[in-house]
Amino acid sequence: MTTASTSSVEILFEDVYRTYEGAAPVTALQPSSFIINQGELVGIVGRSGSGKSTLLNILGLLDQPTGGAYVVRGINTGSLSEIERTSLRSWHFGFVFQQFHLLNDRSATENVELGLLYRGSTKLERRQQALEALDRVGMLHRKDAIPATLSGGEKQRVAIARAISQSPQVLLCDEPTGNIDQTNSDRIIELLQDINEHGVTVVIVTHDQDIASKLPRLFAVSDGIITDSATLEDENSERPENAIARPQE
Amino acid sequence: MDISQIPKSKLTWRDAIRDSAFGVVRRPTRTLLTALGIALGVASIVGTIGMSQSARGAVSSVFNTQLATQVSFAEAGTSSTPLLSQKSERMIERINGVIHAGFVSQVDDAQPISVSRNPGILPGAEGSFDFPFTVATPGALETMHASVSIGRLYDNGFETRHAMVALIGSNVADELGITQINDGPAIFVNSIPLTIIGIVNNVSQQNQVLDDIIVPPDEGLIVGTSVGPPTIIVQTKLGAAQVVGAEGPYALSPDNPDAIVAQVPPDPSTLRLKIESSLTSLLLILALVSLAIGMVAIANTTLLSVVQRTAEIGLRRSLGATPKHIALLIVIEGAMVGAVGGVLGASHGILVTAITAVAKGWTAELSWQAALLAPVLGAFVGMIAGLYPARRASKLSPVSALQNGL
């Protein structure tokens, strides 16, 4: 298991695995152990159905592991109630989705404000934080636009604004460039890198090799087995190509 | 870090309502279509209440004028000394609540008496007609609201002068072929002339007089062999019929009130309430059925909406919404849609009531309570309808909601 000073450990996976029950139980994630430190920029790569989404869902507390210990900043999530998990999710994690998940009947600002709705802050505070977040992603000029009038890149920037408006410690991005063109894709990655440089731990699930190659640390997921490039680097002094799962095209 | 350091997810009521209002206001077509079921139910209820109230006024007026103010008195049996006479009119008129009273009777037990337009025509011969004779005082004519198509009614002056006059019912006039009375047409009974002074074409009671020849009491024994049994007919003030009916026998026969039988209309308030309550109950049942259908419709639409918004629910869960917050969103939205339906329904219910009242010639009586409570009722029904979809929505796992809602 990767060692790190306890104070900087953001996420600790200890023999975490996920099995889906059924007539034929499926192990989506084999027992895995790793540490993600605060402020890291991590990529998760792998084929469709390899288990990377399961990993991301467990990381974001959207799903629970079948076994093992998942610890977030010293909090063992296995012992939390549903309400506590929800609160930790809300205050600690931000999410960026491939499909943006913007509400079509709300403006960009209102969509960003939604990220702060469940925190008990006032409408004025929400509005102020939403506008700051939109400014940070360069979308303040489109603050009143509804999603239908935004390009894919713009939609994703609004979605990122919604995520960072919550001031998360960890930003979990599931194929954030999957639905946008190359130019916008580069901008989004630059934006995520910029967010990471400001101290936010960023985890990006991607199929894109170019994007993966820009990330300092990668988890390659294949048949539920996670291969951590950092571990391999420790062993081989350099990151091997096979640490990155190649998408099937 | 300890979990106690993490603030709990929370949603204020104001934010919950504001957030739900987004969905209702920003999707007006969906809102209106969903609210339609509730609107129909509420419109039925408001319309039912409004129409039954308006109809109550109409029903009341019919009862009041046609039935509830008419009382009559007759002798219970045959006695050697008649208990009722023309003087009975004045006895009854002294009772509080009596407007008019009159003496009515039949000549020869209402057996037809032969009359002719010319003297000397024998009964049964050509030119003779058989009609029953009714004896009525001027007070009785007034009490039965007799009106004439031509001519006039007789009054106390005719009685005092013992003028041999008669009124004929409109049906009698048709048979006799009398259409005008300017030349003082006469009819003859046993060669005794009676001058016809008017043709009675309408009465509010004693309808048989339209088929009769009506004469003052003094003429009864002139044209026939007997008069009786007498009836005292009375018109009372509104609401006084019951009292007059109870007091009348004592006024007419203080020594033996049981010998007088009063015919009093059923208590109009009781009868009216019976009619109204059965009518209103029927309509309200129909309205409640409509409302139930509306509730099922809104529940279905909300359930469909939950399915359509699965991804949104997943997103909200990822943003910190608890299952309770999701349920609250759906229930409040349901209540708001229901309230919209309530407002629409109340408006249409009032409109339908007004149109119906105008068409029926009623005075529209609208219940402001029903109109104001309608949105509350709609909201309540909408809220109930939203419970099941809300439960379904709150049970969605964030992962499956995000994946399946794509």
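In chain A, residues 24 or more positions apart account for 69% of the contacts with a separation of 6 or more. The model is predicted. Chain A holds 249 residues, of which 49% count as buried. Its secondary structure comprises eight helices and 10 strands.

One sheet of chain A is open and has four strands. Their order is E2-E1-E4-E5, and the pairing is antiparallel. In general, the strands of a sheet pair through backbone hydrogen bonds, either parallel or antiparallel. Strand E2 (26-37) and strand E5 (75-76) of chain A stand at the edges. Each has a single partner strand, so one side of each is left without a neighbour in the sheet. Strand E1 (residues 9-20) and strand E4 (residues 67-72) of chain A run antiparallel and are joined by five bridges. Within this pair, A:Ile11 has A:Val72 of E4(A) as its bridge partner.

A helix covers part of this region. Helix H1 (residues 52-59) of chain A lies across E1, E2 and E4 of chain A. Relative to E1(A), helix H1 of chain A runs at about 125°.

Two further helices of chain A pack against each other. These are helix H5 (residues 152-164) and helix H6 (residues 182-197) of chain A. Their axes are 9 Å apart and meet at an angle of about 15°. Angles under 35 degrees count as roughly parallel. H5(A) and H6(A) are therefore roughly parallel to each other. The crossing of H5(A) past H6(A) is right-handed. On the H5(A) side, the contact is made by A:Gly152, A:Gly153, A:Gln156, A:Arg157, A:Ile160 and A:Ile164. H6(A) contributes A:Asn184, A:Arg187, A:Ile188, A:Leu191 and A:Ile195. By class, the contact of H5(A) with H6(A) has five nonpolar, four polar and two charged residues.

Chain A also meets chain B. The contact involves 28 residues of chain A and 27 residues of chain B. The residues on the side of chain B that touches chain A divide into 13 nonpolar, six polar and eight charged.

Methods. Residues are numbered from 1 along each chain as its sequence is written. Chains are lettered from A and ligands numbered from 1 in the order in which they are written. This is a predicted model: local features need pLDDT of at least 70, side-chain atom pairs count only at pLDDT 80 or more; totals for chains, interfaces and linings use all residues. Two residues are in contact if their C-beta atoms, placed from the backbone, lie within 7 Å. Ala, Val, Leu, Ile, Met, Phe, Trp, Tyr, Cys and Pro count as nonpolar, Asp, Glu, Lys and Arg as charged, and the others, Gly among them, as polar. Helices (H or I, at least four residues) and strands (E, at least two) are DSSP runs, numbered from the N terminus. A residue is buried if 20 or more other C-beta atoms lie within 10 Å of its own, exposed if 12 or fewer, and partly exposed in between; C-beta atoms are placed from the backbone. Axes are lines fitted to C-alpha atoms, for helices over the stretch in contact, and angles run from 0 to 180 degrees between N-to-C directions. Angles under 35 degrees count as roughly parallel, over 145 as roughly antiparallel, 65 to 115 as roughly perpendicular and the rest as oblique. A crossing is left-handed if the near helix is turned anticlockwise from the far one by less than a right angle, and right-handed if clockwise. Two strands pair if DSSP finds at least two bridges between them.
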